Structure formats: C-alpha cells, structure tokens
Amino acid sequence: MKQPPSSSLTHLALDRRSAVLGTIGLIAAMHAGAATKSTAAKKQPAATPGVWPRASQVPGGVARLSLGPSARRPQAFAGDIPLLVVGDAIEWTALVGIPLATEPGEASVTVRAEGKPERQIAYTVAPKQYREQRLTVAPRTVDLSPEDEARYVKERDHLTGVMATLTDMRPDSALQMRVPVPGRRSSSFGLRRVFNGQSRNPHSGMDIAAGTGTPVLAPLPGKVIDTGDYFFNGGTVWLDHGGGLLTMYCHLSRIDVKVGDVMKTGEQLAAVGATGRVTGPHLHWSVMLNRAMVDPALFIAA
C-alpha cells in the first residue's frame with residue numbers, strides 16, 4: 001500500500017480487531033526474552049543529537065545497540081526476527097523496535113558476525129505511561145456484524161503478510177524522516193484508546209490533522225508494497241524502506257500509487273481523507289521496525 005505495529009492505525013492497532021496489534025502481541029513475546037550475559041550498560045542511553053531514529057528504550061520505542069567494528073555487516077536478531085543494522089566497518093548499530101506490549105525489564109538480541117562466536121547483547125526496557133483518549137465513532141466499527149468481522153479477519157490475514165516484509169534493500173543510515181503531511185498532531189503514538197466507552201489497544205501511530213485532499217508525501221525513499229481500502233484504516237498505503245523498516249498511511253481519500261512503484265523522499269503518494277474508522281479527516285501515519293509499531297516522533301525533528 002502506497003499502515004496493520006493515525007486515527008486509522010489508531011484503529012488498526014486498536015485491539016484484536018487491529019491487524020497491527022495482533023502482530024505486535026506476537027512480537028512482544030519474542031522480544032521479552034530472559035536476560036542474558038552482556039557487558040552492555042543497563043541505563044537508558046542519552047539521545048544523540050542528529051542521530052535517527054532517536055533512542056528511547058521504552059515500549060513503543062527504539063533501542064540503538066552498538067555492535068562494534070566488523071569488516072562486514074553483522075546480523076542481529078530479536079528472537080528469530082532480523083533487525084536493521086546500520087553503520088560501517090568502524091561501528092555497526094542494531095536498531096530494535098520495541099513493541100508496545102513489551103513488559104519493562106531485561107531484553108536481549110543475538111548477534112552473529114563473520115569470524116566471531118555468536119553473542120548476546122542485553123538492554124533494559126524502561127516503563128512509560130501513555131495517556132488515555134476517549135472517542136465516539138460509528139457503533140458498527142466497534143461492535144462488528146458477522147459480515148464485518150469476516151471482512152476484518154480476511155484483511156488481518158493479508159496485512160500480517162505485508163507487515164512481515166523484509167528486503168535486502170538498505171535505507172539511508174541517517175533515517176531522518178520528513179513529516180508526510182503538514183498539520184497539527186491531533187493524536188500521538190501510544191494513547192490508550194476508548195471507543196464508545198469500550199477500551200481498546202493503544203494507538204500505534206501518529207494522527208496529523210489536515211483537510212481532505214491534502215497531499216501525503218513519502219518521508220524517505222521506499223517501494224510501495226501494498227495499497228487498499230480496509231475496514232478500520234480506510235484507504236491505505238504501505239511503503240518498504242528496506243531492512244524491516246516500513247511505514248503506513250491510512251484514512252486516505254485518494255491513492256496515487258500502485259504496488260511496485262519506487263518513491264523518492266517528498267514524492268506524493270496519496271491524499272488525506274476520512275475513510276475507515278475516523279472522527280474526521282486526518283492522516284494516520286505508522287512506522288514499523290522489525291514488525292513492531294514504534295513512535296514516528298523518534299524519526300522526525302522535534
């Protein structure tokens with residue numbers, strides 16, 4: 001699409017009905033492994049200015065783990081999920097997307113480098129309290145009819161495959177994204193959502209208020225891997241930026257790309273709308289890293 005880990009993903013990530021959240025739950029289990037032997041520091045690392053994404057070792061955040069020097073790019077894994085490794089022979093860094101469902105505490109990744117024994121690197125996930133948001137939407141989008149439930153299940157299965165996309169294409173190591181549409185941030189990542197008085201899973205993206213028809217631009221170079229009209233997310237586009245880094249755009253009024261299109265930063269891919277489960281026109285923007293929805297704010301300038 002030219003996004004199951006924003007009112008849309010708001011919705012996609014909204015509960016068992018959210019394709020994204022179902023996947024996030026699976027990934028959380030993989031990430032919440034037992035503590036392992038490591039000399040890695042246990043404190044939360046300070047964010048480094050000009051480094052993207054910024055480190056934030058909390059549920060829904062990103063851990064930046066130094067893998068040290070190596071003539072060739074090492075491999076790193078969270079459970080059996082490959083991680084994005086950026087850098088060069090002098091310093092390699094594993095970028096770990098931390099699922100919102102992750103319990104605070106010790107976690108670890110596995111590192112495999114040519115000519116070296118396999119090793120574990122431990123890191124600490126700190127707690128974070130996200131705010132709550134209450135919304136009123138069409139009742140049929142909260143209590144699904146048998147027909148809508150069947151549609152959702154079919155879409156969920158399809159999107160699970162989309163979210164598992166992993167290509168050898170490597171994104172620019174800078175990874176600073178441009179905001180895909182100008183406007184006020186109307187809903188932030190991680191909010192606990194309550195729809196029509198019913199609690200749902202946390203918001204897995206960023207909502208940006210903008211008028212219907214406002215152009216949506218690619219935040220980084222990428223390839224369109226899915227487009228469609230989904231029950232919760234409405235008009236949706238997914239971009240693959242390589243190495244397990246994906247972005248999703250929801251509630252679109254118009255889609256201007258097709259699967260297979262290759263986008264440059266700043267090229268138009270769609271237009272803002274109010275399709276799917278929404279309370280008004282806006283863009284729902286999600287960022288997925290190693291199959292975990294993470295806070296898009298970590299990839300943009302404050």
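Student: Which residues is Thr 110 in contact with, leaving aside its neighbours within four places in sequence?
Tutor: Thr 110 is in contact with Gln 75, Ala 76, Phe 77, Glu 118, Arg 119 and Gln 120. Contact means heavy atoms within 4.5 Å.

Student: What is the source of these values?
Tutor: This is a predicted model, in which local features need pLDDT of at least 70 and side-chain atom pairs count only at pLDDT 80 or more, while totals for chains, interfaces and linings use all residues. Residues are numbered from 1 along each chain as its sequence is written, and side-chain values use heavy atoms, with hydrogens and water left out.

Student: What makes the link between the side chains of Thr 110 and Gln 120 a polar contact?
Tutor: The two side chains are joined at 3.0 Å. A polar contact is a pair of N or O atoms within 3.5 Å; within protein, one must be able to donate a hydrogen and the other to accept it, and residues adjacent in sequence count only if both atoms are side-chain atoms. The value of 3.0 Å is within that limit, so the pair is called a polar contact.

Student: Why is Thr 110 called buried?
Tutor: Its relative accessible area is 13%. Buried means under 20%, exposed over 50%, and partly exposed in between (1.4 Å probe, protein chains only); Thr 110 at 13% is therefore buried. The residue lies in strand E6, residues 105-112, where a strand is a DSSP run of E of at least two residues and a helix a run of H or I of at least four, numbered from the N terminus.

Student: How do you know that E1 pairs with E5?
Tutor: Two strands pair if DSSP finds at least two bridges between them. Six bridges join E1 to E5 (residues 91-97), and the two run antiparallel. Val 62 stands opposite Gly 97 in E5, and Ser 66 stands opposite Thr 93 in E5.

Student: What is on the E4 side of E5?
Tutor: E4 and E5 pair in the antiparallel sense over five bridges, with Val 85 opposite Ala 94 in E5. A hairpin of two residues joins E4 to E5.

Student: Why do E1 and E4 count as edges?
Tutor: The order of this open, antiparallel sheet of three strands is E1-E5-E4. Strands E1 (62-68) and E4 (84-88) each have a single partner strand, so one side of each has no neighbour in the sheet.

Student: What makes E5 largely enclosed by the rest of the structure?
Tutor: Six of its seven residues are buried, so E5 is largely enclosed.

Student: Which peptide bond is cis?
Tutor: The bond from Trp 52 to Pro 53 is cis, with omega near -5 degrees. Pro 53 is found in the loop between helix H2 (19-31) and E1.
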